[in-house]
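Welcome, and thanks for taking a look at this model. Please have the sequence and the 3D view open as you read.

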Amino acid sequence: MNISVIIPLYNEEESIGELYAWIERVMHEHHYSYEVIFISDGSTDHSWQIIEDLHQQSPHVRGIKFRRNYGKSPALFCGFSEAQGDVVITMDADLQDSPDEIPELYRMITEDGFDLVSGYKQKRYDPLSKTLPTKLFNATARKISGINNLHDFNCGLKSYRRDVVKNIEVYGEMHRYIPYLAKNAGFDKIGEKVVHHQARKYGTSKFMGWNRFVNGYLDLLTLWFLSTFGKKPMHVFGFLGSVMFFIGFIAVVVLGADKLYCLTNGIPQRLITSSPWFYIALTTMLIGTQLFLAGFIGDLISRSNPNRNDYQIEKEI
């Protein structure tokens with residue numbers, strides 16, 4: 001099978017039929033073998049009934065229905081698990097992503113050799129409350145991930161080589177960082193294509209810009225830490241703990257030496273415990289000890305993780 005199109009959706013009953021007709025036309029024009037997997041993420045409207053009707057009309061339509069709203073990442077994870085196409089394409093269901101982009105996205109994977117191609121909505125039709133946080137988010141993501149050629153990490157329109165989606169785990173709200181996940185799994189041939197972005201035709205956006213930016217920032221920090229220190233937490237916690245303990249210990253030694261010098265030379269000196277520096281030094285030592293123990297416990301958890309040696313193996317003979 002040439003292409004699997006994965007479409008997560010939440011309450012998009014107005015656009016599903018029109019979107020599928022558009023995809024079907026593009027597929028027939030280019031003679032692709034394909035499937036379209038709709039994932040209804042706890043929709044409360046008639047989205048699932050429409051998907052069932054489309055399935056009755058076309059053997060290319062498949063559907064997954066969640067009992068409740070889990071989010072875009074779980075929807076993509078389930079879609080990736082079911083995808084059978086050599087190239088997997090994801091897009092949103094709100095008609096803002098154009099299926100006419102599919103042939104070029106497919107070609108960039110099959111002919112240009114990319115592992116992943118991300119769309120770039122250079123001209124957007126979103127409100128400022130969504131576009132401004134997106135720009136800040138993408139600048140931060142480029143800096144931390146090191147994928148400097150991507151302008152729009154969170155664009156829903158992407159294409160993947162099948163090996164990519166079968167070897168990454170999208171969870172929580174990590175769909176924003178699929179290129180980063182792919183890079184960490186060893187798929188570093190990541191490209192970008194400028195895609196046409198259309199104004200929303202039906203309904204309103206289900207995502208608020210600033211909230212998405214805050215959550216995205218926290219997820220990015222989590223992903224950076226896991227990818228850098230996930231299998232070696234002692235390297236970061238142990239280092240920070242040792243540095244803080246050493247600083248606190250030196251401070252206590254200096255305070256003690258000063259007190260001893262004053263006693264030896266008969267210089268009046270107040271009690272060490274009367275000095276705020278004593279408590280600052282003691283607190284620093286305690287925090288350093290806690291950080292060291294956190295790294296030690298994290299290392300124990302990492303070593304007892306059944307997936308601790310779950311490395312990405314490209315081939316076996």
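The sections below go through the basis of the model, a strand, a helix, the salt bridges, the cysteines and the backbone.

## Basis of the model

This is a predicted model, in which local features need pLDDT of at least 70 and side-chain atom pairs count only at pLDDT 80 or more, while totals for chains, interfaces and linings use all residues. Residues are numbered from 1 along each chain as its sequence is written, and side-chain values use heavy atoms, with hydrogens and water left out.

Helices (H or I, at least four residues) and strands (E, at least two) are DSSP runs, numbered from the N terminus. Buried means under 20% relative accessible area, exposed means over 50%, and partly exposed lies in between (1.4 Å probe, protein chains only).

## Strand 4 and its partners

Strand 1 (residues 3-9) runs parallel to strand 4, and 4 bridges join them. Here Val-5 has Ile-89 of strand 4 as its bridge partner. With strand 6 (residues 158-161), strand 4 pairs in the antiparallel sense, again over 4 bridges, and Val-88 stands opposite Tyr-160 of strand 6.

In a regular strand the side chains alternate between the two faces of the sheet. In strand 4, Val-87 and Ile-89 point one way while Val-88 and Thr-90 point the other, and all are buried.

Helix 9 covers residues 233-264, 32 residues in total, and spans 46 Å from its first C-alpha to its last, close to the 46 Å expected at 1.5 Å a residue. That expected span is 1.5 Å times one less than the number of residues. Its buried residues are Pro-233, Met-234, Val-236, Gly-238, Gly-241, Gly-248, Lys-259 and Cys-262. After the helix comes Gly-266, which has a positive phi near 70°.

Which residues make the nonpolar surface patch of about 920 Å²? They are Phe-239, Leu-240, Val-243, Phe-245, Phe-246, Ile-247, Phe-249, Ile-250, Val-253 and Val-254. One of them, Ile-247, is placed in helix 9. Patches are made of residues with over 30% relative accessible area and no salt bridge; like charges are joined within 9 Å, and nonpolar side chains (Val, Leu, Ile, Met, Phe, Trp, Tyr) within 5 Å.

## Salt bridges

The structure holds 13 salt bridges, each a side-chain nitrogen of Lys or Arg within 4 Å of a carboxyl oxygen of Asp or Glu. One of these joins Asp-97 and Lys-121 at 3.4 Å, N to O. Asp-97 sits in the loop between strand 4 (87-90) and helix 4 (102-110) and Lys-121 in the loop between strand 5 (116-120) and helix 5 (128-145), so this pair ties together parts that are 24 residues apart in sequence. Both Asp-97 and Lys-121 are buried.

Glu-29 and Arg-25 also meet in a salt bridge (3.3 Å, N to O). These two are 4 residues apart in helix 1 (residues 13-30), so about one helical turn separates them. Glu-29 is partly exposed at 48% relative accessibility, and Arg-25 is partly exposed at 38%.

A further salt bridge links Asp-112 with Arg-107 (3.0 Å, N to O). Shared partners join Glu-104, Arg-107, Glu-111 and Asp-112 into one network of salt bridges. Asp-112 lies in the loop between helix 4 and strand 5 and is partly exposed, with a relative accessible area of 39%. Asp-112 and Gly-191 are 79 residues apart in sequence, with their C-alpha atoms 9.6 Å apart in space.

## Cysteines

How many disulfides are there? With a disulfide taken as a pair of cysteine sulfur atoms within 2.5 Å, the count comes to 0. Cys-155 is buried at 2% relative accessibility, and Cys-262 is buried at 6%.

## Positive phi angles

Most residues other than glycine have a negative phi, and most peptide bonds are trans. His-31 is not a glycine, yet has a positive phi of about 60°. The loop between helix 1 and strand 2 (34-40) holds His-31, which is exposed with a relative accessible area of 68%.

Leu-95 has a positive phi of about 70°, although it is not a glycine either. Leu-95 is found in the loop between strand 4 and helix 4 and is buried, with a relative accessible area of 4%.

Key:
Pairing = 2+ DSSP bridges. Areas by Shrake-Rupley, 256 points an atom, 1.4 Å probe, with all protein chains shown as cover.
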